[in-house]
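User: I am new to this structure and would like to examine its helices. Please show it first.
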Amino acid sequence: MSSKIAPLEKPTLEAMFTSYAKYRPTSNTFQGDGKRMLLSQSDAWMQQARLIGEKRFFTLTDTGVTFFTFGKSSLDFEEYKLFLERLCETKGIGLDEVKNCMVTCGPPGMVS
């Protein structure tokens, strides 16, 4: 009897955005509904994807400065994609490489 295991499909950036936008929500707000992301949630995602930190692509200052150019406390998915583009442009880093790290890092709270 031969059973084949189907290869796992890589999640989409949008699916990962939803997961991380639900991560560590604050009480009594929209936060945690998966539709909008706070800077702290974005930073947690990027840290798990190993994009932030010493000898990494970005610093917490880089992400904070870029995030707050939007003048909002949270971003929806379309705004978040623009945030990633701006962040990558500022640092001269390939957007596709960053997106790949972000979709392959696992769900929130996992150590990769």
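User: Which residues of helix H3 (residues 60-67) are buried?
Analyst: This is a predicted model, in which local features need pLDDT of at least 70, side-chain atom pairs count only at pLDDT 80 or more, and totals for chains, interfaces and linings use all residues. Residues are numbered from 1 along each chain as its sequence is written, and side-chain values use heavy atoms, without hydrogens and water. Buried means under 20% relative accessible area. In H3 the buried residues are Asp-62, Thr-63, Gly-64, Thr-66 and Phe-67.

User: Against which elements do the buried residues of H3 pack?
Analyst: Helices (H or I, at least four residues) and strands (E, at least two) are DSSP runs, numbered from the N terminus. Contact means heavy atoms within 4.5 Å. The partners of the buried H3 residues are strand E1 (36-38), H2, strand E2 (74-76) and helix H4 (77-91).

User: Is Gln-48 buried or exposed?
Analyst: Gln-48 belongs to helix H2. Its relative accessible area is 11%, and the limit for a buried residue is under 20%. Gln-48 is therefore buried.

User: Which backbone oxygen does the side chain of Gln-48 reach at 2.6 Å?
Analyst: A polar contact is a pair of N or O atoms within 3.5 Å; within protein, one must be able to donate a hydrogen and the other to accept it, and residues adjacent in sequence count only if both atoms are side-chain atoms. A polar atom of the Gln-48 side chain lies 3.3 Å from the backbone oxygen of Gly-106. At 2.6 Å, the Gln-48 side chain reaches the backbone oxygen of Pro-107.

Key:
Buried < 20%, exposed > 50% of the residue type's maximum accessible area, 1.4 Å probe, protein only.
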